[in-house]
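Here are my notes on the model, as numbered points. Have the structure open while you read.

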Number of protein chains: 4
Amino acid sequence: MIKAAVLGATGYAGIELVRLLSGHPEAEIKILGSKSFEGRKISEVYQNFNHILDIKCTELDLDEVAKCDVAFTALPHGASKSVIPQILERGVKVIDLSGDYRYDDASVYEKWYGEKHSSPELLKESVYGLPELHREKIKGARLIGNPGCYTTCSILGAFPLLKSGIGEHKNIIVDAKSGVTGAGRGLALQTHFCECTENTKAYKVAVHRHTSEIEQELSKAAGEDIMISFTPHLIPQKRGILATIYINLKKPCTQEEVLNVYREFYGGEFFVRVKETGALPETKHVAGSNFVDIGVVVDERLQRAVVVSALDNIVKGAAGQAVQNMNLMFGLDEATGLKNAGFYL
Amino acid sequence: MIKAAVLGATGYAGIELVRLLSGHPEAEIKILGSKSFEGRKISEVYQNFNHILDIKCTELDLDEVAKCDVAFTALPHGASKSVIPQILERGVKVIDLSGDYRYDDASVYEKWYGEKHSSPELLKESVYGLPELHREKIKGARLIGNPGCYTTCSILGAFPLLKSGIGEHKNIIVDAKSGVTGAGRGLALQTHFCECTENTKAYKVAVHRHTSEIEQELSKAAGEDIMISFTPHLIPQKRGILATIYINLKKPCTQEEVLNVYREFYGGEFFVRVKETGALPETKHVAGSNFVDIGVVVDERLQRAVVVSALDNIVKGAAGQAVQNMNLMFGLDEATGLKNAGFYL
Amino acid sequence: MIKAAVLGATGYAGIELVRLLSGHPEAEIKILGSKSFEGRKISEVYQNFNHILDIKCTELDLDEVAKCDVAFTALPHGASKSVIPQILERGVKVIDLSGDYRYDDASVYEKWYGEKHSSPELLKESVYGLPELHREKIKGARLIGNPGCYTTCSILGAFPLLKSGIGEHKNIIVDAKSGVTGAGRGLALQTHFCECTENTKAYKVAVHRHTSEIEQELSKAAGEDIMISFTPHLIPQKRGILATIYINLKKPCTQEEVLNVYREFYGGEFFVRVKETGALPETKHVAGSNFVDIGVVVDERLQRAVVVSALDNIVKGAAGQAVQNMNLMFGLDEATGLKNAGFYL
Amino acid sequence: MIKAAVLGATGYAGIELVRLLSGHPEAEIKILGSKSFEGRKISEVYQNFNHILDIKCTELDLDEVAKCDVAFTALPHGASKSVIPQILERGVKVIDLSGDYRYDDASVYEKWYGEKHSSPELLKESVYGLPELHREKIKGARLIGNPGCYTTCSILGAFPLLKSGIGEHKNIIVDAKSGVTGAGRGLALQTHFCECTENTKAYKVAVHRHTSEIEQELSKAAGEDIMISFTPHLIPQKRGILATIYINLKKPCTQEEVLNVYREFYGGEFFVRVKETGALPETKHVAGSNFVDIGVVVDERLQRAVVVSALDNIVKGAAGQAVQNMNLMFGLDEATGLKNAGFYL
C-alpha cells in the first residue's frame, strides 16, 4: 500500500483527493493536513465521510510526513513552495496541486504570479503532470507540478491540432466556463449562493494565470512560442469545465480529417474520449470521473475548427489527475482507483 | 461473479443501478433492458459510460434473462407485475424496484394503486427489502419488493421511536422533501428546468402511495395499525430526500434518552448514521452514497420529538438498496460495492 | 411624494426595498444608509441599478433622516433598537424590519432573543405590521414592527382555521422551507454556493425565534396561549418560503367547508390568494410579488387539515410588506407600487 | 391606451410580454392567443397572474385581432409567416418575435431556415427591430422583425468596434452562453431539470440560425459582407445571455480608446450601459430588465479586444425589446413600462 499524506485536505481539491484515495485499492491515507480544522475528525468537517474515514486533521508535522511515500500538497500557491523542498529532502515524493511547480522557466512564473520563486532549481526537476503528454517523465519523477483545471482542459483540447501542423498558431481563442468549486471553499461574495446562482460572468479576462501554463504547453506542440486568448467564466454549477477552442486551419479540412487527428493522437488513452461527429462534450458526461471528453466541429465556411473539451475540474482538473500521476510514479496501472463513469445525476 | 440483468436500465433508478453494478467487484452486468433505447449502446444513451461499459440495450428476452442469477426490474409499477412471475419461473431471483411487491396485503396495494394485483400469491412470498428491518428474510428470498425512496427515509426515521414504545401512535407527521430525480426521466412540465428551478411545492398531499407503505411498516413497530400524515414536496435539486418527522412522546424525555433509542436500535448498522446532539442530516451528506443519516431534536416544551432523516433517493432509496439486497441474497458482505462516502460536491 | 430613508440598504431586504421604492409612484428615496458601502453609489454595489438610481450610500445622519417622512430600518436586530427611538423623536415614522418591535410583551422578546429590550415602552406603541390582521392600527401607527418572513407565511396560513374555532389548538406543526436570501448577504460557509446547491437541511429546530412571533399572533386567533412546532429548512433557491401547516380538526369537515373558512376570512384581501381545490401554492407563483398563496387539503382519514402557504420571503416576507405598511400609514391605496404578478421565470 | 393582442401568449416569450404589458401604463391586453390553453384563464396557466389578469386564452380570431392596435406574434417561425399578412391587411401593426421577418434578403432566410419564404414582399417592408440601430425606421413601421436573443446581445456588443473601423473583419468570434428559457417551454430531454442542472454544453456549433442574423447587421457596420463564428451554449440558469466577443484590432489601441468608441456610440442610449474599466457585465445585473450591459478588455499582448455583453434573453432579447418597439411605433417614450432595475435576486 502506498502511504499518502494529503496536505490541505479540507479544501475542495483536498477533499476530492480524500474521496478518491479512500476508494483506491493500493493507497492508504495516513495524514490529513489542515490548519483550519486541526484536531477535528475529517468526518466532522465533511460529514459524508462518517463511517468511512475517521482520521483527525493535523497541522503539518514533517516527521510524520516523512513516514509516507507520497505527499499531495493541495495548498495555496506560495504555501506549497515553502514546504515542498523540506518534504522532498525527507525522501517523500510530492504531487503539488498549486501553480508553484508547473513551469519550465521561473521567469514565467514570476511574471504571472507576481512574486519571486524561492526554489527555481526544483523547477528544473519538477515534471508537468499531464500524463497524456509527459507520461514517461512522470514515472520517474519525485516532484510533480499537477496541472491546473482550465489548463488541462484547454491543452488537451488544442494540442493535437497544433502538433499535427494543421492548426494555425495565431488567433487561437480559448473560451472556458467553470463551475464554482474552481473558486475554492474560502468565503467571498462572488461565491455566495444568491450571488452565484442564476448568474454567469467572465473574469480575469486576458490576465488569468492559467494563460501562461496553456501557452507553455501549446508552444511545445506548435514548435514555437505562441500566445492565446484565454477567457475564464464562472457558471452556476458545482463541477465541470467546458472549454470552447477556436483554431484556424492552415488549409481546408473536412470534419473527418480533423477528427482523425484527434483519434490518432489519443488512440491509446483511457482518460480521453474523442466524440464522434454529431456528438459534443457536456460537463454532465464527465462529472465525478477522470475523463476528458473532446469533440470537434469544422466550420468549412470559415476554415476554422471549433474544439469543445470538458472535464470535471476537481477530478481530471485536480485530484483525479493527481491520483493518475501517483499511479504512474508508483508503477501501478494508470487508471487504478479511477475507473468509474462518474455521476451523471 | 453474479450475473445481473437490469430491466428498465435507462431510467434514473436503472442507470444508477448500472453505475453501482459496473463498480461492484462481485457482479457483472449481462443484460440492459430498455424499450426506448433498444439496439443502442448504453454509452450513447448515457455518455458518461463511454470507455466504461459498452453493452447494447435490448428488449426483454426471457431466455437471455434466464441465464442470469438476478434481475433488477426498474420498470413502472404494473409493468413489473406482468413480467416478474415469468422471470421467477426461470429460476432467476428478482429485485423489483416498483411498488408491485412491497405489500403484505394485496388489498392495500389495490386501494392505493387503484388496480387489481395480478399475482397476489407472490405477495405472500415476496420480502420487503429493507435490510435494517428484514435482513434475515431477505437472505433467503427469491423476490424482493425494494422499498420506495420516501418510504425508506420515513420508516427508518420513525421506526425506533415507535418500536421502543416511547412515541405516541397518533399525530405522526412526515413532511418529506425530494429532489427531482424522484420524478423520473419522463418528460413533464413540472420537471422542465425553468418550471422546477427556484421552485418548491407540495404535491399529492394526503394521497401519495408511499403513505400506505410507511404505514404498513410503522404499524409493525407500533404493534397496531397506525395512520400518518405524509406530505411529499418537490425541491430544486437532483438527488436527496429529507424527511422531517414529528412524533409526540408518551412521557417527558430528554434529548439523550431519545437519541439512545436510535443509537441502540441502529448500533450495528453500517448504512445508518445517527447524528450526535447538535448535528442534523443534510442531503449533501448522503448524496451518491447508500447511507441514511438520522438526527433528533427533542422539543421539551411540547413533549415532541422532531426526527430528521436523509438519504439519496436513487441510492439508498432505490438502486443502492437494491444492491444491498443483492449482496444479502448472494451471501456477500452487505456493503460490497457500496462502501463509499458519496460526492458531497 | 413620500420621502423615504432606507437604513441598511445594501442587505437583501434593503435592496429589495430599494427595488420596490424606486418603482413606487408616490415615494422617493432620499437616503440609502449603509455602513459597509458608505460613499459608494448604490449602482456600483448593485449594478442592476445603473441608469435607474445613482444615489450614494451614506452613514447614518439623523439630521438628514429627520427630513424624511418615513425610515425603513433593515438593520440587524439590536441595531434597530438603538437607533429607532432617535428617529421617532425627530417626527419620522419608522417601519422596522428587524425583530425588535414585533412583540406585545418585552419578556417574550428577551426570552427568545437572549437580551434586554432597551425601549420596552415603545413596544406598547409599536404595531405588528401584518395588514391582513392589524390594518386599522397600522394606519395610525408611527412605529411598525414589520413581521418576519417565516412568520407572515405561517400566521396567514393558520389564522383562519384557529379563529373560526374549527382547528384544534394542540399538535399544530409548521414545517417551513426557505430560500437562501432569507439568510442574508453576510458570508458564511452554509451560504457558499457549493455547500448550498443540491442541499436541503433543517436548522434551529424547536428554537428558531420566529416560533415566538407565530405563537403570539396565533394565540390571538385561538383565544388562548398556544404553542406550536416550527421547523425551518434551507432549500437551494434564492427566493420563496413554503410553509406546510398541519392542524387537527375538532370535528369532521369536508375540503369545501375548510376552504370556505379561508375564502371568507380573506374575501376582501388583494394580497392573499386562496387556491381552489386541486391547486396548491408553489413558490414560483409568488416570486417577486407581494402575494401570499394559500391552499388547503383536508385529510378526512385523519381529521386533519394540511394548509400550504407560500410567499416571497423578501417581498411579502419583508420589503413588500413594509411598503404595504407605508401605503397604509400614508393614506394610499394599500397596493400602490405592489400591483404586479412577480417573475414566474 | 394601445390595444394589444399577444399571440402565442403561453410560451416563455409570450408570458413575459404579458408580464410587461400588464404593467405598462399606456397599453392594455385585449387578446391572449394560445392554441394549447384555449378557453383557460391565463391566471390558471401561469398562476402568478391570479388577482392581476384574468383574461381567457383564445384561439386565433382575426376579427377580434382586427380591433387591436398592435399584435405581438410570439409563435414558432413559420407559424408567424402564415398569419401575419392577414393581420396586417386588417390594419393592425405587427411585432413578430419569430425569425420570419428579420431578414433583408429572403434567400438568406431560406438558406438558414431551410424553407421557402411565403411573403418575401413583406420582407422588404419589415424593419429589423433593434432600436439602437434602426430607431427612425421602427417609428414608421407597420411590421417589425423583433431580433433574436443571441443576436441582440451579439450585435450590440460588436457593432461599435466594426462601425468605428478599429475592428478587423476577419476572425470575429462570438461565444455565447444562454439560460434555459431560451429553449422555450416545450418538453425535451435536454430541458429536463435533472439533465440541465449542473450541466453546460455547446450546441448547433457553426450552424445556429442566429449566425446569419448577426452577420446581416454586422456587415452593415463593417461596410462589407462579413462572416463570424457563433457558438451558443446552454447554461444551468433560467434567464440571461452572456456573449464573449473576440475582435482583433487593426492597430494597437488602449483600453480607454476602445471604451471611448462604445461610450460615444451608445452615449444617448438608455438601455445600453457601458461598463467602466475593471467592471464587466454579469447576467444577474440585467435579469428582469431591458438593459444590455457591455464591457471591454483590450488585450494589448494580442492586439485584440474582448467584448462582453449581457442581457436578459426574454426581456431585451425578446419581450422587452418588443415593447420598446411598440413604444416607438406609437410615439411613446421608448422606455415607457420598461424603466426598472430588474431583480438581481
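1. A word on terms before we start: buried means under 20% relative accessible area, exposed means over 50%, and partly exposed is in between, using a 1.4 Å probe and protein chains only. Helices (H or I, at least four residues) and strands (E, at least two) are DSSP runs, numbered from the N terminus.

2. Keep in mind that this is a predicted model, where local features need pLDDT of at least 70, side-chain atom pairs count only at pLDDT 80 or more, and totals for chains, interfaces and linings use all residues. Residues are numbered from 1 along each chain as its sequence is written, chains are lettered from A and ligands numbered from 1 in the order in which they are written, and side-chain values use heavy atoms, with hydrogens and water left out.

3. Take a look at helix 8 of chain C (residues 149-163). Of its 15 residues, 14 are buried, so the helix is mostly covered by the cut-off in point 1. From first C-alpha to last it reaches 21 Å, close to the 21 Å expected at 1.5 Å a residue (the expected span being 1.5 Å times one less than the number of residues).

4. That helix also has a kink of about 30°, centred on Ile155(C). The bend at a residue is the angle between axes fitted to the seven residues ending there and the seven starting there. After helix 8 of chain C comes Gly165(C), with a positive phi near 85°.

5. On to the rings. Phe, Tyr and Trp rings (the six-membered one for Trp) pair if their centres lie within 6.5 Å; planes under 30 degrees apart are stacked, over 60 edge-to-face, and the rest tilted. That rule gives 44 aromatic pairs over all chains. Phe343(C) and Phe343(D) are stacked because their centres are 3.4 Å apart and their planes at 20°. Each of the two lies in the segment after helix 13 (315-329) of its own chain, so the pair joins two chains. Phe343(C) is buried at 8%, and Phe343(D) is buried at 8% too.

6. Within chain D, Phe270(D) and Phe291(D) make a tilted pair, 5.3 Å centre to centre with 55° between the planes. They sit 21 residues apart and link distant parts of the chain. Phe270(D) is partly exposed at 25%, while Phe291(D) is buried at 0%.

7. Last, charges over rings: NZ of Lys or CZ of Arg must be within 6 Å of the ring centre and within 35 degrees of the ring normal. Lys93(A) lies over the face of Phe330(A), 4.7 Å from the ring centre. Arg273(B) has its charged end over the ring of Phe291(B), 3.9 Å from its centre.
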